[in-house]
Amino acid sequence: MKKVVFATNNKHKLDEIRKITTGRIEILSLSDINCNEDIEETGTTLEENALIKVRYIKNKYGYDCFGDDTGLEVVALNGEPGVYSSRYAGEQCNSQDNMNKLISALQGADNRNAQFRTVIAAILNDKEHLFEGVVKGEITTEKRGSNGFGYDPVFMPSGYNQTFGELSDEIKNGISHRAVAMEKFIAFLGIK
């Protein structure tokens, strides 16, 4: 089975990717390669941040790898919080703070349409590749469910009447932005 390093320190993302790729790819974490430093995301786009992570691992550790960045893009907020999704309510804030700020910002808004967008960057044989996954939906008026992480309890994907926070991992991991991008990456690797 092919082994690939996933350039993330986010345990939620690591778990999600491992569930999506079970039996097809062995995902190595940064701690598996003895990388314990935080890779600072200084890009202004999801693509830039994903590339920062994989270039850092390739240059410092020599491994072919992949990394991602994900943003929640809300129509009524002109695409915000976007690349700043994880720190929308401030640097020291958590997911609850971010969701509270988002719900407050959308109070009274008629258009609650949004999308989660993930960009996976990969360096394989010294070549860079990008893969994108998008799932459209809307922001709910209140948090619902405790599954997932980040904005999952306030994001309801199109065609569903439950948020990502309410859906089972099995359903979410079949339709999510990260799953779509990961499937494109896996197809590129030639793995079924």
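I worked on a 1 Å grid over the protein atoms alone; a pocket is an open set of points where a 1.4 Å probe fits, with protein on both sides within 12 Å along at least five of seven lines, and lining residues have an atom within 4 Å of a point. This is a predicted model: local features need pLDDT of at least 70, side-chain atom pairs count only at pLDDT 80 or more, and totals for chains, interfaces and linings use all residues. Residues are numbered from 1 along each chain as its sequence is written, and side-chain values use heavy atoms, without hydrogens and water.

Pocket. I looked up the lining of the largest pocket and found 33 residues. Nearest its centre lie Asn10, Lys13, Glu41, Asp69 and Ser86. H1, S3, H3 and H5 (177-189) each give two or more residues to this lining. S3 gives the most, with four. Helices (H or I, at least four residues) and strands (E, at least two) are DSSP runs, numbered from the N terminus.

Helix H3, residues 95-105. Which residues are buried (under 20% relative accessible area, 1.4 Å probe, protein chains only)? I found Asn98, Met99, Leu102 and Ile103. They cover an arc of only 130° around the axis (taken from the directions to the C-beta atoms), which puts them on the same side of H3. Their cover includes strands S3 (65-74) and S6 (127-139).

Helix H2, residues 46-61. I checked the buried list, which includes Leu46, Leu51 and Ile57. The buried residues of H2 pack against S1, H1, S3, S5 and S6 (contact means heavy atoms within 4.5 Å). Gly62 follows H2, with a positive phi near 85°.

Methods:
Buried < 20%, exposed > 50% of the residue type's maximum accessible area, 1.4 Å probe, protein only.
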